[in-house]
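Hello,

Here is the structure I promised to pass on. My notes follow below it.

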Amino acid sequence: MSMAADFGVTLTQHVLRKQSGHPDARGQFSQLLTQIGVAGKLISAQVRRAGLIELWGETGELNVQGEHVQRLDRIANDTFVEVLRRSGCVALMASEEEDDLVHVPEPMRGDYVVAFDPLDGSSNIDVNVSIGTIFAIYRRTDPETVSMADILRPGREQVAAGYIVYGSSTALVYSDGQTVDCFTLDPSCGEYFLTRENMRIPKASNVLSINECNEPYWPKWVGPYLAGIKARNDDAGRKVTSRHIGSLVADFHRNLVKGGVFLYPTEARTGRGKLRVLYECNPLAFIAEVAGGAATNGLTRILDLVPTGLHDRTGLVIGGIDEVERARECLDLYGV
Ligand code: AHG
Ligand code: MN
Ligand code: MN
């Protein structure tokens, strides 16, 4: 008689189990997810030790977007690039911390194209607050060549997307377009175990996440939109609360679990957003939609945007479907 296993389903087991339904699966996708998990473990280990081994602070460089590069940004980027390069599953990469495309030379070239934000939430690195890695996965379009066109695609063409959040525990969330599943890293054995299966963003939205100090820059519709949410709190009781970490990935994760809406609207004067389409908005929008939520920049569904550059930015409203729909209604009513 065998004893029932008293340990959970690992990330790799879960991916393989889901892939076994696809007769054309060649194992490369499972391998890619596993290797992204490995990169997440390596970055997590560095994040956990950052204060001890002088990994805090800036490198002194500015990235292509004119932002100060933190030491951990650089380490996370180099780790992700190198793990994916060696994986044999990836042909092309785009990263927040790389000006241009990163090509994988033959013979290590694989079927997939990956865009990523190696470390999201830079302002929180040195103060022990949750940060994360965000990734978007596409299948390359041509078996012979790879080009910019493989990455400048609308987000709806993603085959999978996910993130790893380095929070009170390290959690990896990914979606293959069918379900959204969450795995928690058990540091005692270095393995990810399935902890939330088929996540659905709750319909009731109790949380509002926005940097309110940006009010002077908001388009016209944002004020009335927020007022509408806050007005739900009345003498009968408190229905909504405000939570804003300043790490998109951690704000999104909380809202996915608990229900909520996150906004980083475009700036009224310039019409430009802050968050990047390819490696911040697209992967999270993909996950939100699979979980029953939605994401828009107000005018366009995020997954329908056609990027023109690797580091394009847009406005973002992401969360429960009703809240996102209300944002679009407010935009129609009050304008930009
Ligand atoms: P990154 O650290 O990758 O540059 O991204 C930071 C982003 C996002 O995580 C966060 O929601 C937003 O910047 C915060 O910006 P503000 O400080 O302008 O609110
Ligand atoms: Mn980011
Ligand atoms: Mn970043």
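Leaving aside neighbours within four places in sequence, which residues is His 244 in contact with? They are Ser 209, Ile 210, Asn 211, Asp 251 and Phe 262, where contact means heavy atoms within 4.5 Å.

First, the ground rules. This is a predicted model: local features need pLDDT of at least 70, side-chain atom pairs count only at pLDDT 80 or more, and totals for chains, interfaces and linings use all residues. Residues are numbered from 1 along each chain as its sequence is written, chains are lettered from A and ligands numbered from 1 in the order written, and side-chain values use heavy atoms, with hydrogens and water left out.

**His 244 and H5**

His 244 sits in the loop between strand S12 (241–242) and H5. Helices (H or I, at least four residues) and strands (E, at least two) are DSSP runs, numbered from the N terminus. His 244 counts as partly exposed because its relative accessibility is 32%; buried means under 20% relative accessible area, exposed over 50%, partly exposed in between (1.4 Å probe, protein chains only). H5 is largely enclosed by the rest of the structure, because nine of its eleven residues are buried. Among them are Asp 251, Phe 252 and Arg 254. Gly 259 follows H5, with a positive phi near 95 degrees.

**The largest pocket**

The largest pocket holds about 460 Å³ of space. A pocket is an open set of points on a 1 Å grid over the protein atoms alone, where a 1.4 Å probe fits, with protein on both sides within 12 Å along at least five of seven lines; lining residues have an atom within 4 Å of a point. Grid points are joined across faces, edges and corners, and the volume is the space filled by probe spheres set on the points. Of the 25 lining residues, Gly 121, Ser 122, Ser 123, Gly 246 and Lys 274 are the closest to the centre. S5 gives the largest share of the lining, three residues. Domain 1 (4–196) and domain 2 (207–334) each supply at least three; these bounds come from an automatic or database domain assignment.

**The cores**

The largest nonpolar core has 39 residues. Such a core is a set of buried Ala, Val, Leu, Ile, Met, Phe, Trp, Tyr and Cys residues joined through side-chain atoms within 4.5 Å. Leu 32, Leu 84 and Ile 137 touch the most other members. Helix H2 (residues 28–49) gives the most to this core, seven residues. A second, separate core has 33 residues, including Ala 291 and Leu 316.

Best wishes
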